[in-house]
Amino acid sequence: MEAREIPVVPPPTPLAKVPRLIRHGGLTVKEYKAARGYSVGEIKAVGLTVKEARLLGIYVDERRKTMHEVNVKALAKWLEKVKKGEIRPPPPTLPKIIKVKMDRGRVFKGKTMAGRRMRGLLSLKYRYTHKYKWKRKQKERLLKKRHEVARHKGGH
């Protein structure tokens, strides 16, 4: 007996209504367009939380407030197949968490890309750390760069 491979099927594409524009005489070419994700109301109507939906690989658009029956029916049908084991959901679609350290109110540091690159602020790992600064100063001392003298006029 052969073990059959369960296919990975993404959730159906969420739909949003196309706005009726005055310049087109209040008519639309099509009623629905592809949306960025399902609204929170549509996710809750199926019986999921936002986190559970994202773990199942469903995109959630938290900005959208509308709830369309077309989306709820399509999502419920897909979810039923997943529960029966006919199809597998895709990998999770959790939002990326970008952690940026806060600016500590120091003097303006040239926030352009070139300025940040020059000051070594592009890597978040070393930004505002004293160990990084001390290590760099020690390297300059070993190379006898005389960094304090070279940077300022007068050499004090």
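1. Asn-71 has a relative accessibility of 1% and therefore counts as buried, where buried means under 20% relative accessible area, exposed means over 50% and partly exposed lies in between (1.4 Å probe, protein chains only). Asn-71 lies in helix α3; helices (H or I, at least four residues) and strands (E, at least two) are DSSP runs, numbered from the N terminus.

2. This is a predicted model, in which local features need pLDDT of at least 70 and side-chain atom pairs count only at pLDDT 80 or more, whereas totals for chains, interfaces and linings use all residues. Residues are numbered from 1 along each chain as its sequence is written, and side-chain values use heavy atoms, with hydrogens and water left out.

3. What does the side chain of Asn-71 meet? One of its polar atoms lies 2.7 Å from the backbone oxygen of Leu-15, and the side chain of Asn-71 also makes a polar contact of 3.0 Å with the side chain of Glu-42. A polar contact is a pair of N or O atoms within 3.5 Å; within protein, one must be able to donate a hydrogen and the other to accept it, and residues adjacent in sequence count only if both atoms are side-chain atoms. Leaving aside neighbours within four places in sequence, Asn-71 is in contact (heavy atoms within 4.5 Å) with Thr-13, Pro-14, Leu-15, Tyr-38, Glu-42 and Arg-64.

4. Glu-42 also forms a salt bridge with Arg-64, at 2.9 Å from N to O. Because Glu-42 lies in helix α1 (residues 40–46) and Arg-64 in the loop between α2 (50–55) and α3 (69–84), the pair ties together parts that are 22 residues apart in sequence. Both Glu-42 and Arg-64 are buried.

5. The structure holds three salt bridges, each defined as a side-chain nitrogen of Lys or Arg within 4 Å of a carboxyl oxygen of Asp or Glu. Glu-62 pairs with Arg-54, with the closest N and O atoms 3.4 Å apart; Glu-62 is partly exposed at 46% relative accessibility, whereas Arg-54 is buried at 14%. Arg-63 pairs with Asp-61, the closest N and O atoms again being 3.4 Å apart; here Arg-63 is exposed, with a relative accessible area of 60%, while Asp-61 is buried at 11%.

6. The buried residues of α3 are Asn-71, Val-72, Leu-75, Trp-78, Leu-79 and Val-82. They cover an arc of only 140° around the axis, which puts them on the same side of α3, the arc being that of the directions from the helix axis to the C-beta atoms. These buried residues pack against β1 (15–17) and α1, whereas Lys-73, Lys-77 and Lys-84 are exposed on the other side of α3. Just after α3, Gly-85 takes a positive phi of about 90°.

7. Which residues touch the most other members of the largest nonpolar core? Of its 14 residues, they are Ile-43, Leu-48, Ala-53, Ile-58, Leu-75 and Trp-78; a nonpolar core is a set of buried Ala, Val, Leu, Ile, Met, Phe, Trp, Tyr and Cys residues joined through side-chain atoms within 4.5 Å. Helices α1, α2 and α3 each supply at least two residues of this core, and the largest share, five residues, comes from α3. Not counting residues up to four places away in sequence, Ile-58 touches Pro-11, Tyr-38, Ile-43, Leu-48, Ala-53, Leu-75, Trp-78 and Thr-93.
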